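Subject: Structure handover

Hello,

Please find the structure we talked about below. My notes on it follow.

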Amino acid sequence: MGLSSALYSGVSGMAATANAMNVVGNNIANSNTVGCKASRTVFSDLLSNQVSSSGGMTQIGTGVGMASVDSIFSQGTFENTESNTDLAIEGAGFFILGDSATGTAVYSRDGSFHFDNTGQLVNTEGLIVQGYYLDLNNDPTGDLTNIQVDTNSYSPANATTAVTLTTNLDAQSVALPGGAAFDVVNPADTSNYAASLQVFDSQGNTHLMTNYFRKTASNSWEYHTVVAGSDVGDPAEFVEVASGTLTFDVNGRLIQLDGNDIYQADGVTPVDPRPVSTTAALAWTNGSDATLPLEFAYNMTQYSSNSLVVSQVQDGYGTGNLVQLSIDEEGNIIGNYSTGEPRQLARIALAKFTNPAGLWQEGGNLFSATNASGVPIIGTVGSGVGSLYTNSLEQSNVDLAAEFVNMITIQRAYQANSRIITTTDEMMNEMINLKR
């Protein structure tokens, strides 16, 4: 084994450290790249030559080679942003990007997303984020697909089925004569107080509904629920669709609705479920669902104060158009409609790998699956593939201090290997000079 072997060992060392410097340079260059994962160089010694020695056969190494460049998938820190479509993953997951129509998919930790002019959720390169559409129960439906939202869509109407009235009835109101019953034609003279509200049918149309309250005796009242006759196909101008009684105790607390107790025998514990008043099925004449009754829950008091509606809460709403899209920390695409009612439209999918170090770097903050990485395990938040944070981006996990230390050691190694070559050259010159 001659001196030339030392030359090649030095050359291999310089080549290996040059590659290591390239890796360090790439890490430093991407220290501000969103979702970038640092790499490290792993070296291995080359095949050794056998030489004889006084102790027998022994081995002398022939240099160094680059065994691999590994990606380091440690968690990066989060940076807060102003965009609700910016997402950061905590855990082992990756966003799935591509085009479900072509079946191609790549993976990324970069959650810099936005909705394009066609309603597709895309990254900065225009690749489409993959996920699942949701049904009206917010359950995923269908296969993994491109997330695209119809920006001209409407939210379906929801018919009013329950109303909660919180109202005070004036205890000083004068009881009306018992012989004069409530008259739907002349409600002003046959009731003490009225409160109106808008309710919705199944098509989102509104209908005016009025509750008239009539005091019949001390601590005793009647309620009468009235709608326009034209709304329910009745020739009369107004139609009564529900009525009943309200009974208060001496402290002004409602204790009975339609003769049903509000509280249990101890007078303190509320009856569960609380009694409600139910109208007949409201057969609106506009072709909407004619089978839906309406429940009224009365949270009434009778204090010595003006009759007053404190609040009216009902569960119906009309048809609304989409005004804004956002994403929550479950990965749900939320459509915010003009009615004020949000709706979950789709859910972002995440993938994780048995061996993420085996992923192939495609550039553009993208990875592709390989045999070494294994097939992707696909799920959504809550299924073990990672958690999401909105208004956040994961920063590069490059440690600049460590990279500069690596740079120094690599530089010294490169210099040392170059000295091997120059020193070996000098030794070979001495050997040549022996002839002189």
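Two strands are said to pair if DSSP finds at least two bridges between them. Strands (E, at least two residues) and helices (H or I, at least four) are DSSP runs, numbered from the N terminus. This is a predicted model, in which local features need pLDDT of at least 70 and side-chain atom pairs count only at pLDDT 80 or more, while totals for chains, interfaces and linings use all residues. Residues are numbered from 1 along each chain as its sequence is written, and side-chain values use heavy atoms, with hydrogens and water left out.

Sheet and helix

β21 pairs with strand β22 (residues 295-301) in the antiparallel sense, over two bridges. In one of these strands, β22, F296 is the bridge partner of S277. Both strands belong to an open sheet of four strands with mixed pairing, in the order β21-β22-β14-β23. The edges are taken by β21 (277-278) and β23 (308-314); each has a single partner strand, so one side of each has no neighbour in the sheet.

Helix α1 covers residues 4-29. The expected span of a helix is 1.5 Å times one less than its number of residues. The buried residues of α1 include S5, S9, G10, M14, V23 and N27.

Salt bridges

Side chains of opposite charge can pair when their charged atoms come close. A salt bridge is counted here when a side-chain nitrogen of Lys or Arg is within 4 Å of a carboxyl oxygen of Asp or Glu. The whole structure holds five of them.

One joins D70 and R40, at 3.8 Å from N to O. D70 is in strand β4 (residues 64-71) and R40 in strand β1, so this pair ties together parts that are 30 residues apart in sequence. D70 is partly exposed at 24% relative accessibility, and R40 is partly exposed at 48%.

Another joins R214 and E222, whose closest N and O atoms are 3.8 Å apart. R214 is buried at 3% relative accessible area, whereas E222 is partly exposed at 23%.

R253 and D249 also form a salt bridge, with 3.4 Å between the closest N and O atoms. R253 counts as partly exposed at 31%, while D249 is buried at 15%.

Aromatic pairs

Rings of Phe, Tyr and Trp (its six-membered ring) pair if their centres lie within 6.5 Å; planes under 30 degrees apart count as stacked, over 60 as edge-to-face and the rest as tilted. There are twelve aromatic pairs in the structure.

F73 and F367 make a tilted pair, 5.4 Å centre to centre with 55° between the planes. F73 sits in the loop between β4 and β5 (78-80) and F367 in strand β29, so the pair ties together parts that are 294 residues apart in sequence. F73 is partly exposed at 24% relative accessibility, and F367 is buried at 6%.

F213 and Y298 make an edge-to-face pair, at 6.3 Å centre to centre and 85° between the planes. With F213 in strand β16 (residues 206-217) and Y298 in strand β22, the pair ties together parts that are 85 residues apart in sequence. Both F213 and Y298 are buried. Ring pairs also link F73, F94, Y107, F353 and F367 into a cluster.

Backbone details

D272 and P273 are joined by a cis peptide bond, with omega about 0°. P273 lies in the loop between β20 (260-261) and β21.

N365 is not a glycine but has a positive phi, near 65°. The loop that holds N365 runs between β28 (360-363) and β29 (366-368), and N365 is partly exposed at 22% relative accessibility. N391, also not a glycine, has a positive phi of about 50°. N391 is in the loop between β31 (387-390) and β32 (392-394) and is partly exposed at 23%.

Regards

Conventions
Buried means under 20% relative accessible area, exposed over 50%, partly exposed in between (1.4 Å probe, protein chains only).
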